[in-house]
Amino acid sequence: MRAAAGYRPSLVSAAALVLLAGYFTLYGGPPSADPQYSFYQVRLPRFLSAVLIGAALGLAGTLLQLATRNPLSEPELLGVNQSAVFCVVLLLLLGGGSPHPAFMLLAALLGGAVSGLAILLMSASGAFPRERLILAGLTMSFFFGSASSGLLLLNETNLFELLHWTAGKLSGATWLDTVLVGGCLLPAGVVSFLRAGQWNVLLLGDDQARGLGIDPVARRVEIVSLAVLLCAVCVAVAGPIGFVGIIVPHLASFMAGLDYRRRLPLILLMGAALVSVSDVLARTLLHPAEIPVGVLTALVGAPYFLYRAQRL
Amino acid sequence: MKRQFVFRFVGVLSLLALTLVLSLSFGATDALSPGAVVDQILTGQGVVYLFRLPRALTAMMVGLCFAISGLLLQSLTRNPLASPDLLGVTAGGGLATVIAILVGGALAGSYITWIAFLGASVVAAIIWVLGRGASAQRFILTGVALSALAHAVITLLLVTYAPSAAEAMIWLKGSLFGRGWVHVKLLLPWVGFVCLGGVAVAYQANPLILGPTVATTLGIRLSVLRPCLWLLSVAGAAAAVAVSGTIGFVGLIVPHVARRLAGPDLRVSIPFSGLLGAFFVLLADTVGRVLSPPLEIPAGLICAFLGAPYFGYLLVKGKTDI
Amino acid sequence: MSLEARDLWFSYRPGVPILQGLSVLVPQGKITALIGRNGCGKSTLLKLMNRLLEPDSGGVFVAGRDLRTFGTKELAQTMAHLTQSPTAPAGLTVKELVEFGRHPYRGFLGRATARDREVVEWALEQTALVELAEREVETLSGGQRQRAWIAMALAQDTEYLLLDEPTTYLDIAHQLEVLELLGQLNESSGKTIIMVVHDPNHASQYAHHVVCLAEGKLLREGTPAEIFTNAHVEELFGVIPQIFPGSSPEKPWCVPLRTR
């Protein structure tokens, strides 16, 4: 195990960042007409959603990296986000107007499951070496992305609203959204913590895992299902936010080593910090216009991905 | 060319001709008889001449450019998954174009293709510098990261400058809606460049499939050949994206099909690729127009719908060894 | 034409020299074997001789002329190089592979001349691949594949043939197939062949001249009989051998018994 460089300091700094973001979200910005309402019905749920979504995305990325044994796996890059978006856009087009978040979640789940299935098929032992997996995932991302864009083009009235959403936005998050995300994150987090021991074995390869009594296929199905659930709920609430899933697990492993259980709290906190800080920046940088959060995470994440790719 | 190739070439050419006829005859307005079509072309009047013909020509040229660009990239990188979209070259061109539109307005500006070429070249140069000498995988992943970055910036611009971004957005997503003679004129020199350049480098680039070391021992000057291939590929992709936005998969899939039909010799597969690309995009555009008028399904969407499953099939069947 | 390396210095990374002032003269019209331990610089020397790598200092000279003055095409017409485990892409036939060997002679647009066809035919005959000409390279056995690559090198019609470990991944029969072919080629067309080999007996049985490298320097060179003595083998490879006389005294057999 690599030496865990500064585990506690990073936990503390991540938590500090979250609190800082919380302060700005809750107390910063122009005062509103109804401060009570604004605080409890707009700002607090928004902040909590950001925190929970960040944690969920960080966890989802970690899970996918574990399942595919590929350090570059990420919900956005493997097409999970995009297929979920596609289904939601389809729902919006067919259903018209704003459907209930529960329906959006169902649609996102369905869409995400398609990608999840493809990922499972592709991560079967030896079938897809790591780069090919990424490229296959990219193709799916591409496919569903193009499909979504095409569908959006056919629905010009809501074009910009939808366009903004498809890049990830947290405005308009309600308590229901927060509960949905939290409701998925909590069990996912608990399950992953409990199963971590078994899942770690997957890192050794399918044959080795079988030799140690673990069924790699079943475990992978578990992991990918959890990842898809987390991504789907995030997409349903805030649209696709990419790159969180690749930055956070790596930074966390840098600080905490490869042991999944040790990394977990750090991943959750760092993810929360990344998204909540990005949300604050998204609101303030080009005030009063709002930058989609996904754009900010991409602007930070893509260069990081670039850097990681150089070290391959 | 060997006899089988000639047959296949003629076959694809016929398909293209057929699609062209269909494209000119059918559309959102009345369906025309072939006689009326010819009449309108010759007299320079009517919906065929004013709208359908230039649009069809643009579609074919865009398809040709993307397809040849993809084939050259795949030969250059020895990676069957390379394509101008994946590597961010088209995204770079798209970004430059979006900036140009937002700053300068009107898509019909005659500098648009050059601006796109500039943007695409910048991305290509970055990929080249960062990815050079690296494994093919790293090369691709570098391109992926740059593509993501460029797309993020594009989205940022579109969302921030919402009102004037309408045009940019609709254009960007890959459609041939409203493309006319002005676009044909824009593309023509680039198409000429790519075709002539392609023919010129085809034989010289053939040994690349044996790998850079063997190619060098056969007397190939990689330091000259590679930049040429890059240049041609970027030029093709940039010109196409400036005119039609990102029509994905053409640069990725068509070269594969072309290689299966034409064999590994670039002197044969480059013309094949161009022809197939023209056919594919024209078909997609035609289908998109006639499926349920007056609604127009963007060509990019249809290409994605047709292309991705086929590509998935290629991947699964292992016909895309890296 | 003589092929000579003069005082070659080369390092892949600064401060880690692979070749240190190596000078060696390759006898014309003969088969020369380069032997030595892993990492002694054999493949590097071969690549430097073909200008696949540029030396830090020193130079390679063909008939007294610096290699650096050769144009790329001219060089390709003078030397053919067979790399370690080359791979042919799927779908390429033997004939198509061999035709690549004519690349340095064909014009810009690649028109094939009668001479090109002649040479390709000859190369296929020499390597006994005429019947397999339309088969795809990847469907052939290891030895046949290696012969196909040698045929491509032959089609290049060069004075020198440089082979980097031509037998390493082949089974015994295929190894001998390739070595016997090289011997025949040398005898019939007088090509100068330089090959990097691991098995000392490949050197002793099939080469006229043996060059021993150790730590980037020339340890010694000479005929197989001169090189393969107990003391020399022990010094070069670090193993205690048993030397047996072969069918002729110039070609002793060397059997490694144990490490030192």
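Predicted model: local features only at pLDDT ≥ 70, side-chain atom pairs only at ≥ 80, totals over all residues.

Reader: How many helices and strands does chain A have?

Author: Helices (H or I, at least four residues) and strands (E, at least two) are DSSP runs, numbered from the N terminus. Chain A has 12 helices and 0 strands. Chain C, by contrast, has 9 helices and 12 strands.

Reader: What share of the residues of chain A and of chain C counts as buried?

Author: A residue is buried if 20 or more other C-beta atoms, placed from the backbone, lie within 10 Å of its own; it is exposed if 12 or fewer do, and partly exposed in between. In chain A, 54% of the 312 residues count as buried; in chain C, the share is 43% of 260 residues.

Reader: What radius of gyration does chain C have, against that of a compact globule?

Author: The radius is taken over C-alpha atoms, and the globule rule is 2.2 Å times the number of residues to the power 0.38. For 260 residues the rule gives a value near 18 Å, and chain C agrees with it at 19 Å. Along the principal axes, the C-alpha atoms of chain C fill a box of roughly 55 × 40 × 30 Å.

Reader: Which chains share the most contacts?

Author: Two residues are in contact if their C-beta atoms, placed from the backbone, lie within 7 Å. Of the 2 pairs of chains in contact, chains A and B share the most contacts. Chains A and C do not touch, and their nearest C-alpha atoms are 18 Å apart. Between chains B and C, 13 residues of chain B are in contact with 19 residues of chain C. On the chain B side, helix H9 (residues 212-217) supplies the largest share, 4 residues.

Reader: Why does B:Ser69 count as buried?

Author: B:Ser69 counts as buried because it has 35 C-beta neighbours inside 10 Å. The residue is found in helix H3 (residues 46-77) of chain B. Leaving aside neighbours within four places in sequence, its contacts include B:Pro84, B:Ser233 and B:Gly251. The C-alpha atoms of B:Ser69 and B:Val194 are separated by 8.3 Å, although these residues are 125 apart along the chain.

Reader: Which residues touch the most other members of the largest nonpolar core?

Author: In soluble globular proteins, nonpolar side chains tend to be buried together. A nonpolar core is a set of buried Ala, Val, Leu, Ile, Met, Phe, Trp, Tyr and Cys residues joined through C-beta atoms within 7 Å. The largest one here has 285 residues, and those touching the most other members include A:Ala56, A:Leu230 and B:Cys65. Helix H3 of chain B gives the largest share of this core, 17 residues.

Reader: In which sense do strands S1 and S2 of chain C pair, parallel or antiparallel?

Author: Two strands pair if DSSP finds at least two bridges between them. Strands S1 (residues 3-13) and S2 (residues 16-26) of chain C pair in the antiparallel sense over 8 bridges, with C:Ser11 opposite C:Pro17. They form a hairpin with 2 residues between them, and C:Gly15 in the turn has a positive phi of about 90 degrees. S1 of chain C also pairs in the antiparallel sense with strand S4 (residues 57-62) of chain C, over 5 bridges; there C:Trp9 stands opposite C:Ser57.

Key. Residues numbered from 1 in each chain as written. Chains lettered and ligands numbered in written order.
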